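Subject: Structure for your review

Dear colleague,

Please find below the structure that I am handing over to you. I would be grateful if you read the notes that follow with the structure open beside them.

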Amino acid sequence: MSAVILAADDIQVAQNIGFGIIAAIMVIGALKVVTSKNVVHAALSLVLVLSGAAAQYILLGAEFVAVSQILVYVGAVMVLFLFGVMLTRAKLGKETDLDQPKAWLGVPVALLMLGVLAWVLIDGFQDERLPADATSKAAVEISDSVLGPALVPFLALTFVLVAAVIGGIVLARKD
Amino acid sequence: MIASLLAAAGDWVAPTLDYHALAPEIILAAGIFAVLSIDLFLEPEQRWITSALSGFVMLGALVTVGTLAVIGDDTRSMFGGRYVSDEYALILKALFLVAGYIVVLMSSDEIERGRYHQGEYYVLLLTSVLGMVMMASSRDLLSIFVALELLSIPAYMLAAWNKRNSRGNEAGVKYYLLGVFASAITLYGMSLLYGVTGTTLLTDLGSAITANGRFSGVEVIAVAFIVVGFAFKISAVPFHQWAPDVYEGAPTPITAFLSVASKAAGFVALVTLTFVAFPNAEDVYQPFMWVLAALSMTIGNLYALRQTNIVRMLAYSSVSQGGFILMPLTVAGVDGVGESALKAVVVYLVVYAATNLGAFAVVIAVARKTRSGEISSYGGLFGYAPALGVLMTIFLASLAGIPPLGGWFAKFGAFKAVLDADTGWGYSIAIIAAINTVISAAYYITVMREIWMKDEPTGDTTPIRTPPSLGAALVITCGATIVLGVLPDIVGRFGDITDLTGALGR
Amino acid sequence: MDVISDQNWVLSVGTFLPLAGVLVMLLIPKREELLHKQIALITALATLAVGIYTLVQFDYGQAQSLQFYASTEWITVINSGYTIGLDGISLPLYFLSMVITVLVMIYSWDHIPSPGNPKAFLILMLVLQTGMAGTFIAQDLILFFVFFEVVLLPMYFMIGVWGGEQRQYASLKFFLYTMFGSALMLVAFLALFYQTGRESFSIPFLVENGINIDEDVALWIFAGMFIGFAVKVPMFPFHTWLPDAHTQAPTQGSVILAAILLKLGTYGFVRIAIPILPQAAVKWAPVIGVLAVIGIIYGALGCLAQSDMKRLIAFSSVAHMGFVMLGISTLTATGINAALFGMVAHGLITGMLFFCAGSIKERYHTLEIKRLSGMLIQMPKLGWILGFCAMASLGLPGLAGFWGEFPAILSAYNPAPQLDVTLFRTLMVIAALGTVLAAAYLLWLYQRTAFGEPNPEFTGHGHAHAVGAAGNDEHHSDIHDVNIYEWVAWTPLLIAIVVFGVYPQLMFKVMDPAVTQLVGVFNP
């Protein structure tokens with residue numbers, strides 16, 4: 001996976017441009033999520049970000065993860081979110097008093113984190129390249145590991161889901 | 001087409017499962033489904049059966065832990081070392097199961113009286129204990145994370161169980177939001193670590209970190225993020241903000257569960273990671289843990305001094321005790337100290353579990369009559385409920401570290417571990433810990449003073465009747481606290497460094 | 001150090017027997033007050049019987065070896081064992097603790113302070129007895145530490161629940177001060193363990209190997225132990241907890257505190273600090289000596305300024321312990337013998353003084369010196385006893401106190417060869433001045449309270465007891481002379497004070513061999 005190929009002519013131009021465009025869309029979407037005054041706009045921008053992530057996965061050759069991302073995040077989580085907006089009768093349309101008073105503290109911290117992480121990631125991974133001749137066997141590998149080495153976590157997750165459902169029902173019931 | 005897919009399928013081999021090693025987990029899983037199904041068919045008056053059944057399930061799992069300890073090999077390793085059942089894991093599984101059993105004893109009357117959806121409560125409790133039991137055996141990043149989620153998610157919901165009460169809801173929401181945030185940070189750290197080293201197996205991580213002799217920034221950030229996430233779980237300062245409100249809003253048996261079992265699970269993860277995955281990363285985690293330990297001890301104590309509510313006081317006290325448990329890890333990387341550090345942490349967790357559960361059991365018992373959480377409502381307790389007064393004194397004295405109760409040996413072990421290191425960091429944290437021991441005695445004494453020396457505030461001196469299950473919980477915890485203090489060798493045998501497979505690169 | 005292991009069950013039985021009594025008492029309901037008192041007294045007497053047996057079976061010809069020695073594994077993970085033994089230094093204190101407990105139990109027969117509850121009170125006393133006895137027999141530092149701490153909580157509750165008006169403040173101060181000292185002491189113990197190769201916490205072992213510790217480190221370790229023990233003694237400037245604790249404690253608590261608990265500190269010096277770290281002891285001895293003498297003078301001056309009798313006696317304790325510490329700081333056989341004798345004598349005398357104060361408080365409901373007078377007229381026997389104790393306390397020859405003070409001062413004339421003679425002779429002179437001050441405050445106290453005419457506030461009550469019919473009025477029956485329980489409780493102490501005053505050799509011959517062995521390292 002971490003094979004390093006340094007040949008300059010092997011840089012795949014199309015994929016890099018594709019990455020750039022999708023990344024730009026994701027960043028704009030993310031900014032819209034936190035700055036938008038309309039909750040539905042924010043939700044749909046989040047869909048944009050998550051789909052962009054799925055697209056990136058495809059570029060990386062991990063199509064199983066990409067499809068899971070769409071199914072779970074966009075399909076389930078965002079739909080659930082929109083249901084929540086509908087059922088709690090959140091105000092559709094512009095909200096006015098959304099500003100976080102401590103934003104003056106939060107934004108610099110966030111920028112600091114961004115700087116640190118950016119530096120760290122660039123420093124750590126800048127020499128990495130994706131193998132040019134990778135055939136994607138991602139789904140196969142994932143299923144092998146889920147039914148092999150990662151069997152116990154996989155089965156444990158079923159209990160997480162059961163507990164979440166039961167607890168959610170108990171807490172949400174009107175009684 | 002299918003043929004080509006099958007050809008590309010590679011060679012999957014069915015993993016070998018050691019069912020004996022998985023027996024505790026299997027029993028707990030079966031128990032969860034049993035309780036859930038039986039609950040469907042019970043009449044409301046029969047709901048106590050769920051509590052009894054959960055108790056039996058935990059005891060059954062405990063029996064299998066016992067058989068694992070006695071029969072067969074000491075170390076059973078599955079999935080290439082990702083799920084290991086060694087003596088360290090067995091001791092901690094036993095701790096979680098016994099703590100879970102005592103919480104069941106403490107809850108059975110409380111939950112029944114409040115008409116609190118008993119069946120679901122016990123299902124969630126069992127699920128959380130299952131997660132903890134898994135955590136003790138997990139030796140790769142993925143298993144640790146899943147175990148973390150498995151134990152936390154039921155806990156988030158259990159914390160909100162007082163749903164008719166706004167404090168209860170606040171507790172649940174706060175715990176949930178901060179908890180998932182912390183889990184997310186941990187996961188980010190884990191994924192970065194995987195990205196750098198290419199493996200999630202802890203023993204491989206141990207050799208892969210600083211493989212080329214120096215740290216890369218990614219490794220530092222990854223280790224830091226992982227520690228931060230678990231620091232939240234153990235309510236280390238400054239990640240402790242959730243603790244007082246959650247402890248106060250949750251039902252008291254759940255508070256006891258969170259303060260003991262959930263915290264212990266966080267420590268188990270930290271200890272496993274520190275000794276197996278990060279032995280070479282001591283320059284990163286040691287100073288970080290030093291700061292966490294020093295802050296937790298001091299700030300926990302300072303806030304506890306000002307509390308008037310017993311549950312909040314115990315919450316801050318457990319923040320401070322968490323600092324003490326963290327103390328040996330600040331020197332775990334120093335040569336030759338790893339042994340005593342591991343032993344100190346395991347011993348402290350066991351003693352602290354017994355003592356804290358006992359203290360909360362007394363809180364539950366007294367609240368049955370006084371219906372109040374204020375420390376002043378304990379006034380004159382010795383006059384009308386001498387047994388409870390003496391028990392609370394024993395538990396508080398043990399937390400303060402007064403011999404011959406269990407707490408003194410736990411503190412002694414922690415001090416010995418840091419002094420073993422013979423470094424400046426070690427001596428300085430030992431001094432901070434000593435000062436904090438005396439400060440903590442002050443607020444424990446305040447409660448003792450209320451119990452022994454003040455008068456009953458409302459003049460109502462009817463004796464308190466404790467239900468048998470609560471009484472049993474009190475007897476077990478008190479017995480453990482006293483025995484572990486007088487004969488510390490019983491627990492001193494635990495936590496040998498050889499028990500933890502792969503610790504420090506062995 | 002030689003050890004003799006015959007009959008090594010004796011010490012364990014003697015120490016833990018009170019707990020057996022506690023277990024029985026726990027099962028009996030609170031309201032059976034008489035039964036509780038009986039069981040507590042029987043337990044204390046049984047313990048005393050074991051103590052007498054120990055006294056008889058002790059081989060006085062070998063008083064320097066550890067007798068009734070037992071050593072079994074206890075906490076193997078830290079190499080700490082259950083190691084116990086008794087030699088000439090510990091025997092008097094060990095026995096004294098049992099005697100005092102019996103006497104205090106007798107005194108408590110009709111004297112349980114408010115708010116009552118003899119069950120709790122007597123159980124705490126028995127637990128305290130176990131802690132005290134255990135400290136004197138412990139030959140392992142961790143065991144010593146555990147017993148040392150065990151006495152904290154019972155004493156805290158005794159003062160806090162059954163004490164005077166300011167009891168909560170006094171008890172809290174006592175607890176936190178002592179705990180702080182103990183924490184430092186524990187760190188010092190751990191350091192000793194590490195510095196001698198992490199082998200053992202056993203005191204005989206450490207005595208043999210303590211000489212190998214590097215000098216600078218030894219100084220710091222001694223400092224830690226010094227602070228820990230100095231708080232208990234109490235030495236100036238760590239003494240501020242004592243006046244409050246003594247004044248606010250109930251009589252029984254004050255007696256036990258004065259008679260035995262203060263000795264835990266000085267015993268710690270003699271048993272642990274000095275034998276294990278002799279070179280550091282030599283360096284620290286001048287400091288100890290100076291602080292001791294400051295304590296003598298400060299205690300005496302403090303006494304002169306007091307208006308409350310119990311507080312005055314408390315300050316006199318500070319002064320007396322100053323003499324004890326002066327004797328210890330000279331590091332000579334005379335000095336340490338004097339110190340140990342002084343410990344026992346102080347226990348007897350100051351214990352007796354606190355008993356008197358308690359009885360006076362019970363009768364007059366006040367301890368203000370200016371309101372008390374003419375006791376010799378109203379209660380002649382009590383007045384005489386008070387006078388007797390005052391004389392003993394100021395060091396009148398012929399009574400036990402003399403042999404605690406005089407040899408201590410004398411030993412400062414010729415301290416151990418490594419010490420500065422001039423300094424110690426100066427200290428000797430100042431200490432001698434202290435005895436004059438001691439005489440002053442005690443005689444002043446006695447004159448004020450015993451001589452003269454009874455205070456009009458309290459006259460009219462004096463003869464009420466004799467005239468039985470007037471016993472209806474509660475106040476009238478108060479000012480009576482010594483009653484039967486008090487006589488039974490006090491007579492042994494009074495006799496002991498005289499016997500040891502006239503024939504001190506009785507105790508010196510027990511202590512001397514062990515003390516000589518101890519100081520042998522300073523004066524080979």
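Two strands count as paired if DSSP finds at least two bridges between them. Please keep in mind throughout that this is a predicted model.

**A hairpin in chain C**

In chain C, strand E1 (residues 67–75) and strand E2 (residues 80–86) run antiparallel and are joined by six bridges. One of the residues involved is C:Glu73, whose bridge partner in E2(C) is C:Gly81. Together E1(C) and E2(C) make a hairpin, with four residues between them. In the turn, C:Asn79 has a positive phi of about 55 degrees. Strand E1 of chain C also contains C:Phe68, which has a positive phi of about 55 degrees although it is not a glycine. As background, most residues other than glycine have a negative phi, and most peptide bonds are trans.

**Cis peptide bonds**

Which peptide bond involving C:Pro237 is cis? The bond from C:Phe236 to C:Pro237 is cis, and its omega is near 0 degrees. C:Pro237 is placed in the loop between helix H9 (215–232) and helix H10 (241–248) of chain C. In chain B, a cis peptide bond joins B:Val237 and B:Pro238, with omega about 5 degrees. B:Pro238 lies in the loop between helix H9 (217–233) and helix H10 (242–249) of chain B.

**Two helices packed together**

Helix H4 (residues 118–137) of chain C packs with H6(C) at an angle of about 150 degrees, and their axes are 9 Å apart. Angles over 145 degrees count as roughly antiparallel, and H4(C) is therefore roughly antiparallel to H6(C). The crossing of the two helices, H4(C) and H6(C), is left-handed. From H4(C), the residues C:Phe121, C:Leu124, C:Val127 and C:Leu128 meet C:Pro154, C:Met155, C:Phe157, C:Met158 and C:Trp162 of H6(C). The residues of this contact comprise nine nonpolar, no polar and no charged.

**The domains of chain C**

Chain C is divided into domain 1 (1–150) and domain 2 (165–195 + 204–460 + 474–524). Taken over C-alpha atoms, the centres of these two domains are 22 Å apart. Their contact draws 34 residues from domain 1 and 39 residues from domain 2. On the side of domain 1 that touches domain 2, helix H3 (90–107), H4 and H5 of chain C each supply at least two residues. The largest share of that side, eleven residues, comes from H3(C). The residues on the domain 1 side are 24 nonpolar, seven polar and three charged.

**How the chains meet**

Of the two pairs of chains that touch, chains A and B have the most contacts. Chains A and C have no contact, and their closest C-alpha atoms lie 36 Å apart. How many residues of chain C are in contact with chain B? There are 23 residues of chain C in contact with 19 residues of chain B. On the chain C side, helix H5 (141–150), helix H6 (152–162) and helix H7 (167–195) each contribute at least two residues. H7(C) gives the largest share of that side, ten residues. The chain C side is made up of 19 nonpolar residues, three polar and one charged.

Yours sincerely,

A colleague

Note on methods: Residues are numbered from 1 along each chain as its sequence is written. Chains are lettered from A and ligands numbered from 1 in the order in which they are written. This is a predicted model: local features need pLDDT of at least 70, side-chain atom pairs count only at pLDDT 80 or more; totals for chains, interfaces and linings use all residues. Two residues are in contact if their C-beta atoms, placed from the backbone, lie within 7 Å. Ala, Val, Leu, Ile, Met, Phe, Trp, Tyr, Cys and Pro count as nonpolar, Asp, Glu, Lys and Arg as charged, and the others, Gly among them, as polar. Axes are lines fitted to C-alpha atoms, for helices over the stretch in contact, and angles run from 0 to 180 degrees between N-to-C directions. Angles under 35 degrees count as roughly parallel, over 145 as roughly antiparallel, 65 to 115 as roughly perpendicular and the rest as oblique. A crossing is left-handed if the near helix is turned anticlockwise from the far one by less than a right angle, and right-handed if clockwise. Domain bounds come from an automatic or database domain assignment.
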